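Me: I would like to learn how to read a few features of a protein model. Could you take me through them one at a time?

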Amino acid sequence: MEKLFKLKQNGTTVKTEIIAGLTTFMTMAYIIALNPNLLTDFGKNGGPELWNGIFLATCIASAIGTFTMAFLANKPFAMAPGMGLNSFFAIVVANIVSITGLTYLQSFQAALCIIFIEGIVFIVLSIFNIREKIVDAIPIGIRLGISPAIGLMLLNIGVGSNAGIYSETGGPYFVMSDFFGALTPGLAKTNMGSGYTSMVLTVATMFIGLFVIVILSQKGVKSAVLLGILFASGIYWAGEAIFLHVNPFEALKNASFLPAFGDMAKVTLFKLNFSNLLQIGWFTVITLVITFCIIDMFDTIGTLVGTASRADMIDENGKMPKMKEALLSDAVGTVTGSLTGTSTVTTFVESASGVEAGGRTGLTSLVTGFMFLACMFIAPVAAIIPAAATSSALIYVGLLMLSGLKKINFDDIAQSLPAALMLIAMPISGSIGHGIGLGLISYSVIKVFTGKAKEVSLLTYAISALFLIKFFLVVS
């Protein structure tokens, strides 16, 4: 292990890395069931075979991408089908159905070709260092602002949208908008109906878990985040049994622990259909590939730079060693995802939770990757970890990442305005890439109109122009 991952050089141990890997997995395990749900509209489109195929593809592609990160880049970052990108992919599939009249499954197989092309493009760009040059083109002020902006995004996910409650009155209802956001507790209860009790349990679980993590971390406990998630899960399960009269482990009784490899082989594994894709026209195909590339590229760059900054993995120039290998790992994950049957695989921002737990090398990623593979057989167990418990970890990590704001020179408007826009844009849009795009555009505009245009590289101008085109001319 020492030879492979250089643990001593990175100031870590096998135990710490294992705990960090488990912590990262716990905070992103939701993607295993959520991804096939989003891509099939909770099983309504494509039937159970497609759901099963996407489920297995999610586990396998996440594992292979994360393993590549572990061995190629030796970084503690995990991968999975990206949120936002999977929703966009589902919209693209639905549009192909509408345009061509193909079935949902046929359209899904056609759309996988877009992801495959995107992955190949990224492999080529990574090998020739073009993606790394794009990273270098991001001004230092914006790089410094990425980490706290991601922190605010994690806070928003944790408190705002990670744990949704459904009831007979509708849903999903969320903690900030529908519980704390209601005018009175009585109004909140009326709006949510029977879901109000679940909401109270969610809020209690979330904050108890958060306080447990904070207290343990203050006492120097390395596994504070993981222990906090487990403690919060216990609280939630007890609350379900006592107040909701629900057996939290009921789903395990009749659960199947055998992976449906037959379904995957039938509908998603190596099922790229280029002939069906071309029915929507060359121009549309090219536009979609470019759109996926832009979103994925800057989501990945932002996550790598922001998380590495929090872990002190960057040098004095704001650069992360082995950035090329990390970006190449992301591309390998995307190609694997397209071949197995899922949308774009990207570096997950939840990797920050593992970093906060002490993860510093690829061993963290290796552990997370093995957990994804294990989930092909223990998916029902992973599914019972409540979202409210993982919210505790996301809130805590998000808060810590906000500390990066102190590195920004707020007396320099060329640094402060882009950072402020990223702080607003990332949580609201749910896209790291869009936040970086707004930051780059504002930085370029300020420099041009303050007589400092020469301080901006041509590549920065080109990227800013590309984002302008995407924001105003490309539907996404």
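Reply: Gladly; let us begin with a pair of charged side chains. Lys266 and Glu49 join their side chains in a salt bridge, at 3.0 Å from N to O. The term stands for a side-chain nitrogen of Lys or Arg within 4 Å of a carboxyl oxygen of Asp or Glu. This is a predicted model, where local features need pLDDT of at least 70 and side-chain atom pairs count only at pLDDT 80 or more, while totals for chains, interfaces and linings use all residues. Residues are numbered from 1 along each chain as its sequence is written, and side-chain values use heavy atoms, with hydrogens and water left out.

Me: Which parts does the pair of Lys266 and Glu49 tie together?

Reply: Lys266 lies in helix H13 (residues 261–267) and Glu49 in helix H4 (residues 47–73), so the bridge ties together parts 217 residues apart in sequence. Helices (H or I, at least four residues) and strands (E, at least two) are DSSP runs, numbered from the N terminus.

Me: How many salt bridges does the structure hold?

Reply: Side chains of opposite charge can pair when their charged atoms come close. The structure holds four salt bridges. One of them pairs Arg131 with Asp330 at 3.3 Å, N to O. Arg131 sits in helix H7 (residues 130–136) and Asp330 in helix H16 (residues 323–340), 199 residues apart. Both Arg131 and Asp330 are buried. Lys447 and Glu455 also meet in a salt bridge, at 2.7 Å from N to O, and Lys447 counts as buried at 8% relative accessibility.

Me: How many disulfides are there?

Reply: A disulfide is a covalent bond between the sulfur atoms of two cysteines. To be counted, the two cysteine sulfur atoms must be within 2.5 Å. This structure holds zero disulfides. For Cys59, the closest cysteine sulfur belongs to Cys375, 5.7 Å away, which is too far for a bond. Cys59 is buried at 0% relative accessibility, and Cys375 is buried at 1%.

Me: What can I check on helix H2?

Reply: Try its length, using the expected span, which is 1.5 Å times one less than the number of residues. The 15 residues of helix H2 (residues 14–28) should span 21 Å, and the end C-alpha atoms are 21 Å apart, which agrees. Next look at burial: 11 of the 15 residues of H2 are buried, so H2 is largely enclosed by the rest of the structure. Among the buried ones are Ile19, Phe25 and Met28. Their cover includes H3, helix H12 (224–243) and helix H18 (362–383).

Me: And which residues have the most contacts inside the largest nonpolar core?

Reply: A nonpolar core is a set of buried Ala, Val, Leu, Ile, Met, Phe, Trp, Tyr and Cys residues joined through side-chain atoms within 4.5 Å. The largest has 104 residues, and Phe89, Phe108, Phe298, Ile301 and Ile436 have the most contacts inside it. Helix H15 (residues 282–310) gives the most to this core, with 13 residues. Another core, of 26 residues, lies apart from it and includes Met28, Ile32, Ala63 and Ala70.

Definitions and conventions. Buried means under 20% relative accessible area, exposed over 50%, partly exposed in between (1.4 Å probe, protein chains only). Contact means heavy atoms within 4.5 Å.
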